[in-house]
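My notes follow in the order I took them.

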Amino acid sequence: MEEIINKVANSGLVTLDLEDYYHQGERVVYDLKDNLFMGLILKEKDFREFLKSHDWAQYAGKNVAITCTEDAIIPTWAYMLLTLQLEPHANTVVFGSLNDLEEKLYFDAIARIDVEAYRDVRVVVKGCSKHPVPTAAYVELTRKLQPVVQSLMFGEPCSTVPLFKKPKTK
């Protein structure tokens, strides 16, 4: 009987799964539309009173995207004041959508990756995951790994798309 050889296991490929860097914390949107007078304007005095009386502890450990979904002109200082209230409690605060928040969480995680662990290694960036991984995270990971890896591929070890191969030096 002929022995079955697992060529993938013997290939020397290292799989990097961005899903491993998914932040488990809850994601919430703080929409400034709820602070608008008649859905149109933000009154500074009323907003400052709200900031003093609101229970900010409810955002403890959460990841918060701040935005305004109404077509209103919101002064920049309002977002800054809101951030000052959220920052002591929330894990992360960003301006923008939930997608912007997800990108920030992944960018922070990617920034902590020790690229030296991938020096001269053949890396496969896994493509399938349970949690949606923003395309921007794949771009950032590629940018970070390209200077050190021997080669970079996308997909699964058994079926990869080659992306980059370090040129051979003479």
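I looked up Tyr138 and found a relative accessibility of 18%, so Tyr138 counts as buried. My cut-offs are these: buried is under 20% relative accessible area, exposed is over 50%, and partly exposed is in between, with a 1.4 Å probe and protein chains only. This is a predicted model, so I note the limits: local features need pLDDT of at least 70, side-chain atom pairs count only at pLDDT 80 or more, and totals for chains, interfaces and linings use all residues. Residues are numbered from 1 along each chain as its sequence is written, and side-chain values use heavy atoms, with hydrogens and water left out.

Next I checked Phe154, which is partly exposed because its relative accessible area is 31%. Tyr138 and Phe154 form an edge-to-face aromatic pair, with 5.7 Å from centre to centre and 80 degrees between the planes. The pair links distant parts of the chain: Tyr138 is in helix 4, Phe154 is in strand 6 (residues 151–156), and 16 residues separate them. For pairing I use rings of Phe, Tyr and Trp (its six-membered ring) with centres within 6.5 Å; planes under 30 degrees apart are stacked, over 60 edge-to-face, and the rest tilted. Helices (H or I, at least four residues) and strands (E, at least two) are DSSP runs, numbered from the N terminus.

**Other rings.** How many aromatic pairs does a search of the whole structure find? I get eight. I took Phe50 and Trp56 as another case: their ring centres are 5.9 Å apart and their planes stand at 75 degrees, so this pair is edge-to-face. Phe50 is partly exposed because its relative accessibility is 21%. Trp56 is at 5%, so I count it as buried. I then asked which residues form one aromatic cluster. They are Tyr30, Phe47, Phe50, Trp56 and Tyr59.

**Helix 1 against helix 2.** Helix 1 and helix 2 (residues 76–86) pack at about 10 degrees, and their axes are 11 Å apart. Axes are lines fitted to C-alpha atoms, for helices over the stretch in contact, and angles run from 0 to 180 degrees between N-to-C directions. The two helices are therefore roughly parallel to each other. The classes are: under 35 degrees roughly parallel, over 145 roughly antiparallel, 65 to 115 roughly perpendicular, the rest oblique.

Helix 1 makes the contact with Glu44, Phe47, Arg48 and Leu51, and helix 2 with Trp77, Ala78, Leu81, Leu82 and Gln85. Contact means heavy atoms within 4.5 Å. I sorted these residues into six nonpolar, one polar and two charged. Ala, Val, Leu, Ile, Met, Phe, Trp, Tyr, Cys and Pro count as nonpolar, Asp, Glu, Lys and Arg as charged, and the others, Gly among them, as polar.

**Helix 3 against helix 4.** Helix 3 (residues 98–111) and helix 4 (residues 135–145) pack at an angle of about 20 degrees, with 9 Å between their axes. That makes helix 3 roughly parallel to helix 4. From helix 3 I list Glu103, Tyr106, Phe107, Ile110 and Ala111 in the contact; from helix 4, Ala136, Ala137, Glu140, Leu141 and Lys144. Seven of these contact residues are nonpolar, none is polar and three are charged.

**Leu145.** This residue lies in helix 4. Buried or exposed? Leu145 is buried, because its relative accessible area is 0%. Leaving aside neighbours within four places in sequence, Leu145 is in contact with Leu16, Val115, Tyr118, Val123 and Leu152. I also took a distance: Leu145 and Ala65 are 80 residues apart in sequence and 28 Å apart in space, C-alpha to C-alpha.

**Positive phi.** Met38 is not a glycine, yet its phi is positive at about 55 degrees. I place Met38 in the loop between strand 2 (27–31) and helix 1. Met38 is exposed because its relative accessibility is 66%. Asp120 also has a positive phi, near 60 degrees. Asp120 sits in the loop between helix 3 and strand 5 (122–126). Its relative accessibility is 45%, so Asp120 counts as partly exposed.
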